[in-house]
Amino acid sequence: MIEQLKSTLQDLADEGKAKIMMRFFKTGKGEYGEGDMFLGITVPNQRLIAKEFYQEASLEDVKDLLSFNIHEYRLVALLILVNQYRKSKDEKTRKEIVAFYLSQTSRINNWDLVDTSCYKILGHFCFDQKREDLLYDLADSDDLWEKRMAIVSTMYFIKQNSLEIVPEIVLKNLNHSHDLMHKANGWMLREMGKVNEEKLIQFLDEYTLQMPRTTLRYALEKIDPVVKDYYMKLK
């Protein structure tokens, strides 16, 4: 089955769009990790393939695909896992999928992979099972991608109008050394403000002077211009 899946992906590869792209390493500005090979397969096609194969694929198959440095293999593997989680009927299976997902965090190390899978697997699970502790542990990690997972997962809580977790996750890395974290924190605060502007204002009143300017700018993107000017002038 796994060979059939790989063959299907290769058949859809576009040689004219194939390329190697570097990805940000775990920490530090200007540092890069190994390159990923992009085959040039469109995202809609990747989603179709994942839906076609998710019922047959085992967790070992998913692990096999994740072990490659081919971006589409890794993304399809996570899309398969998302489908398996969404379609699973029992709590035991979902716990197994989440445990497997958390065991593969070292392979989920670029924005596309985190954003494609984390919200729909880990965010969903932590909200349903009241397992915010898993997100706090990820936010406390030394790994940039695990920190990103905590933020993307917390977005699920925001969509469910459960906002208590948001300030705690943001404060864990409010002054992280990497600018990408500043943007991610600001993005999460902005989304909280769209759901409940009063909560955002409360956070800004207490922490604006401690916030990196990048975080503040992103947090204020969707707020009233007058209010935005007020907080930006504080910095």
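## Aromatic pairs, salt bridges and a positive patch

Phe203 and Tyr207 are both buried, where buried means under 20% relative accessible area, exposed over 50%, and partly exposed in between (1.4 Å probe, protein chains only). This is a predicted model, in which local features need pLDDT of at least 70, side-chain atom pairs count only at pLDDT 80 or more, and totals for chains, interfaces and linings use all residues. Residues are numbered from 1 along each chain as its sequence is written, and side-chain values use heavy atoms, with hydrogens and water left out.

**Aromatic pairs**

Phe203 and Tyr207 sit 4 residues apart in helix α11 (residues 197-207), so about one helical turn separates them. Helices here are DSSP runs (H or I, at least four residues), numbered from the N terminus. Rings of Phe, Tyr and Trp (its six-membered ring) pair if their centres lie within 6.5 Å; planes under 30 degrees apart count as stacked, over 60 as edge-to-face and the rest as tilted. The count by this rule is 7 aromatic pairs. In one of them, the ring centres of Phe203 and Tyr207 are 4.8 Å apart with planes at 40°, so this pair is tilted. Tyr230 and Tyr231 have ring centres 4.9 Å apart and planes at 80°, so their pair is edge-to-face. Tyr230 is partly exposed at 48% relative accessibility, whereas Tyr231 is buried at 4%. Elsewhere, one aromatic cluster is formed by Tyr119, Phe127, Tyr156 and Phe157.

**Salt bridges**

Side chains of opposite charge can pair when their charged atoms come close. A salt bridge here is a side-chain nitrogen of Lys or Arg within 4 Å of a carboxyl oxygen of Asp or Glu. The structure holds 11 of them. Among them are these:

| Salt bridge | N to O distance |
|---|---|
| Lys6 and Asp64 | 3.5 Å |
| Arg131 and Asp133 | 2.8 Å |
| Lys159 and Glu191 | 3.7 Å |

The bridge between Lys159 and Glu191 links distant parts of the chain: Lys159 is in helix α8 (residues 144-159) and Glu191 in helix α10 (residues 179-195), 32 residues apart. Glu191 is buried, at 6% relative accessibility. Shared partners join Lys159, Arg190, Glu191, Lys194 and Glu221 into one network of salt bridges.

Lys6 and Asp64 meet in a salt bridge as well. Lys6 belongs to helix α1 (residues 2-12) and Asp64 to helix α3 (residues 59-66), so the pair ties together parts 58 residues apart in sequence. Lys6 is buried, with a relative accessible area of 11%. Asp64 is partly exposed, at 26%. In the bridge of Arg131 with Asp133, Arg131 is partly exposed at 31% relative accessibility, and Asp133 is partly exposed at 33%.

**Ala184 in helix α10**

Helix α10 also holds Ala184. Ala184 is buried, at 3% relative accessibility. Its C-alpha atom is 8.5 Å from that of Tyr218, 34 residues apart along the chain.

**Positive patch**

On the surface, Arg47, Lys51, Arg86, Lys87, Lys89 and Lys120 gather in a patch of positive charge. Helices α2 (43-53) and α4 (71-87) are the elements that give two or more residues to this patch. Lys87 lies in helix α4. Patches are made of residues with over 30% relative accessible area and no salt bridge, like charges being joined within 9 Å and nonpolar side chains (Val, Leu, Ile, Met, Phe, Trp, Tyr) within 5 Å.

Key
Accessible areas come from the Shrake-Rupley method with a 1.4 Å probe; for residues, only the protein chains shown count as cover. Lys and Arg count as positive and Asp and Glu as negative; His and the chain ends are not counted. The place of a charge is taken as NZ of Lys, CZ of Arg, CG of Asp or CD of Glu.
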